Amino acid sequence: MGIFLSRDCVKFLTISLCLCKRSPLVSLQFDSVISPKERPFQRYDSKGYRQVVGCIPYRYRETNQSSSIEELEVLLISSQNGHGMLFPKGGWEKGESMEDAARRETREEAGVLGKLQNRLGQWNYKSKRHSIMHEGHMFSFLVEKQLDKWDEKNFRERKWMTVAEARKVCHQEWMMNALDKLVSQLQPLREEEAEETTCT
């Protein structure tokens with residue numbers, strides 16, 4: 001008789017193993033315990049690429065109190081190994097839509113809630129951790145609420161940045177392309193809103 005673990009149990013065990021890997025007192029290696037192909041709910045495409053989904057969380061911040069001008073900010077999180085910043089993303093699991101997976105990963109990793117909006121595109125890239133190919137799908141995500149407590153709070157930092165700041169710290173080329181797509185999608189919308197405000 002097999003043992004069935006819920007998605008939350010699997011995630012808890014995975015997080016625990018990641019934390020163990022960082023401790024100098026523990027020699028257990030995460031990669032030797034759970035290989036990417038052993039994730040029971042993980043989706044793979046026809047080429048064997050692991051399918052991941054994520055979001056670029058964004059908001060508009062007033063530049064100063066005396067102005068109505070707002071500046072676009074995006075939310076980045078630290079990577080699990082603590083080197084570099086990235087946008088929240090993770091495995092697209094069987095039994096959930098791509099959109100639901102994007103919302104879940106954004107809530108679990110970045111601790112924000114809001115509106116999932118436009119699809120930014122699909123990119124293929126090689127994972128630095130496991131040296132396997134991924135098929136990444138990204139969405140824009142308008143943040144409406146920032147949580148004080150969330151699943152990965154204890155081992156991820158999150159930081160709001162301007163687009164210019166994000167370009168300096170986000171080193172993955174495909175994520176930079178997704179950021180460019182976000183900016184190109186949002187710019188015409190902001191211009192339309194500005195015109196409507198001027199007309200009224």
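Let me begin with the buried residues of helix H3, which are Met98, Ala101, Ala102, Arg104, Glu105, Thr106, Glu108, Glu109 and Ala110. Please bear in mind that this is a predicted model. Helix H3 covers residues 98-110, 13 residues in total, and spans 18 Å from its first C-alpha to its last, close to the 18 Å expected. Directly after H3 comes glycine 111, with a positive phi of about 65°.

I turn now to the chain as a whole. It contains five helices and seven strands. Along the sequence these elements follow the pattern α-α-β-β-β-β-α-β-β-β-α-α. Of the chain's 200 residues, 41% count as buried. Among contacts with a separation of 6 or more, 64% are between residues 24 or more positions apart. The accessible surface amounts to about 11900 Å², and carbon and sulfur atoms contribute 51% of that.

What does valine 74 touch, leaving aside residues up to four places away in sequence? Its contacts include Ile56, Phe87, Leu179 and Leu182, and also Pro57, Tyr58, Trp160 and Met161.

Finally, the cysteines. Are cysteine 55 and cysteine 170 buried or exposed? Cysteine 55 has 0% relative accessibility and therefore counts as buried, the cut-off being under 20%. Cysteine 170, at 3%, is likewise counted as buried. The count of disulfides in this model is zero.

Technical notes
Residues numbered from 1 in each chain as written. Predicted model: local features only at pLDDT ≥ 70, side-chain atom pairs only at ≥ 80, totals over all residues. Heavy atoms only, no water. Helix = DSSP H or I, 4+ residues; strand = E, 2+ residues; numbered from the N terminus. Expected span 1.5 Å × (residues − 1). Buried < 20%, exposed > 50% of the residue type's maximum accessible area, 1.4 Å probe, protein only. Disulfide = S-S within 2.5 Å. Contact = heavy atoms within 4.5 Å. Areas by Shrake-Rupley, 256 points an atom, 1.4 Å probe, with all protein chains shown as cover.
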